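Q: I'd like to learn how to read a protein model one feature at a time. Could we go through one together?

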Amino acid sequence: MQMSNECFYLVNSKILPDVVKGVIFAKELLASGKATNTSQAIKMAEISRSAFYKYKDYVFKYDDNEKNTLNLSAVLSDHAGVFSALTTSLYENGANIITVNQGIPVDGVATVSLTVRTDNIKLSLPSLLNKLKAVNGVISIKAI
C-alpha cells in the first residue's frame with residue numbers, strides 16, 4: 001500500500017499567478033450559478049479551457065469558517081413546527097445554518113445539532129441563546 005505524499009500550502013493570493021485566481025473565480029461562477037456551464041465560466045474568468053481543467057481539482061479558496069461558526073445542541077419537543085420555529089429564529093437573528101443533524105424523536109423529544117455561520121449575528125452569544133430558549137417547544141439549547 002502506497003502512502004500519499006500530498007502536501008498542502010496556504011498561500012496569500014497576492015503572489016498567485018492570474019491563471020490560478022481565474023480558475024478559482026470560474027469555479028465560484030459555476031457554484032453560484034452565475035455561469036451555467038464551464039465554457040461560460042472560463043470566458044467570464046478570461047482563462048483557457050486547458051488551464052481550467054489542469055488546476056480545477058487542485059486549487060481552492062480558503063475560508064476560515066471555524067472562527068465564524070457556532071455549534072448548537074438542542075432538545076426540542078416533538079410537536080409540529082418546533083424545528084421550523086427554531087430555524088426561523090436563527091434566521092431572524094442573522095445566523096446562516098450550515099449543517100443540521102436531527103435524531104428520531106424518543107419519549108416526545110428530539111435532539112438536534114446545528115452548525116451556524118455567525119458573520120451577521122449582532123447579538124452576544126448569551127442573548128442569542130436566550131432568544132432561542134424562548135422559542136415555543138425548545139426544551140434546552142446550548143453552545144458546544
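Predicted model: local features only at pLDDT ≥ 70, side-chain atom pairs only at ≥ 80, totals over all residues.

Q: Which residue does the side chain of Asp 57 meet in a salt bridge?

A: The general idea goes like this: side chains of opposite charge can pair when their charged atoms come close. Here the partner of Asp 57 is Lys 56, with 3.1 Å from N to O. Lys 56 is partly exposed too, as its relative accessible area is 23%.

Q: How many salt bridges does a search of the whole structure find?

A: The search finds 3. One of them joins Glu 28 and Lys 61, whose side chains meet at 3.4 Å, N to O. Glu 28 sits in helix H1 while Lys 61 is in the loop between H3 and strand E1 (69-77), so this pair ties together parts that are 33 residues apart in sequence.

Q: Are Glu 28 and Lys 61 buried or exposed?

A: Take them in turn. Glu 28 is partly exposed, since its relative accessible area is 33%. Lys 61 has 61%, so Lys 61 is exposed.

Q: Which residue forms a salt bridge with Asp 119?

A: That's Arg 117, and the closest N and O atoms are 2.9 Å apart. Arg 117 counts as buried because its relative accessibility is 17%, and the cut-off for buried is under 20%. Asp 119, with a relative accessible area of 40%, is partly exposed.

Q: What about rings? How many aromatic pairs does the structure hold?

A: It holds 1. Phe 52 and Tyr 53 make up this pair, with their ring centres 5.3 Å apart and 85° between the planes. An angle over 60 degrees counts as edge-to-face, and that's the label for this pair. As for cover, Phe 52 is buried at a relative accessible area of 3%, while Tyr 53 is partly exposed at 41%.

Q: Why does Val 23 count as buried?

A: To answer that, look at relative accessibility: for Val 23 the value is 0%, and that's why it counts as buried. Val 23 lies in helix H1. Leaving out residues up to four places away in sequence, Val 23 touches Ile 47, Ala 51, Phe 52, Tyr 55, Lys 56 and Val 59.

Q: Where does Leu 132 lie, and what does Leu 132 touch?

A: Leu 132 is in helix H5, residues 125-133. Not counting residues up to four places away in sequence, Leu 132 touches Leu 72, Leu 86, Ser 89, Leu 90, Val 138 and Ile 141. Leu 132 is buried, because its relative accessible area is 0%. Asp 63, on the other hand, is 69 residues away from Leu 132 in sequence and 27 Å away in space, C-alpha to C-alpha.

Q: Which loop is Asn 93 found in?

A: Find the elements on either side: Asn 93 is in the loop between helix H4 (82-92) and strand E2 (96-102). Asn 93 counts as buried, since its relative accessibility is 14%. A polar atom of the Asn 93 side chain lies 2.7 Å from the backbone oxygen of Ser 89. Beyond its neighbours within four places in sequence, Asn 93 is in contact with several residues, including Asn 120, Ile 121 and Leu 128.

Q: Which residues other than glycine have a positive phi?

A: Glu 46 is one of them, with a phi of about 55°, and the phi of Asp 107 is near 55°. Glu 46 is in the loop between helix H2 (38-45) and helix H3 (49-55), whereas Asp 107 is in the loop between E2 and strand E3 (109-117). Glu 46 counts as exposed because its relative accessibility is 72%; Asp 107 is exposed as well, with a relative accessible area of 78%.

Note on methods. Residues numbered from 1 in each chain as written. Heavy atoms only, no water. Helix = DSSP H or I, 4+ residues; strand = E, 2+ residues; numbered from the N terminus. Buried < 20%, exposed > 50% of the residue type's maximum accessible area, 1.4 Å probe, protein only. Polar contact = N/O pair within 3.5 Å; in protein donor to acceptor, adjacent residues only side chain to side chain. Contact = heavy atoms within 4.5 Å. Phe/Tyr/Trp six-rings, centres within 6.5 Å; stacked < 30°, edge-to-face > 60°. Salt bridge = Lys/Arg side-chain N within 4 Å of Asp/Glu carboxyl O.
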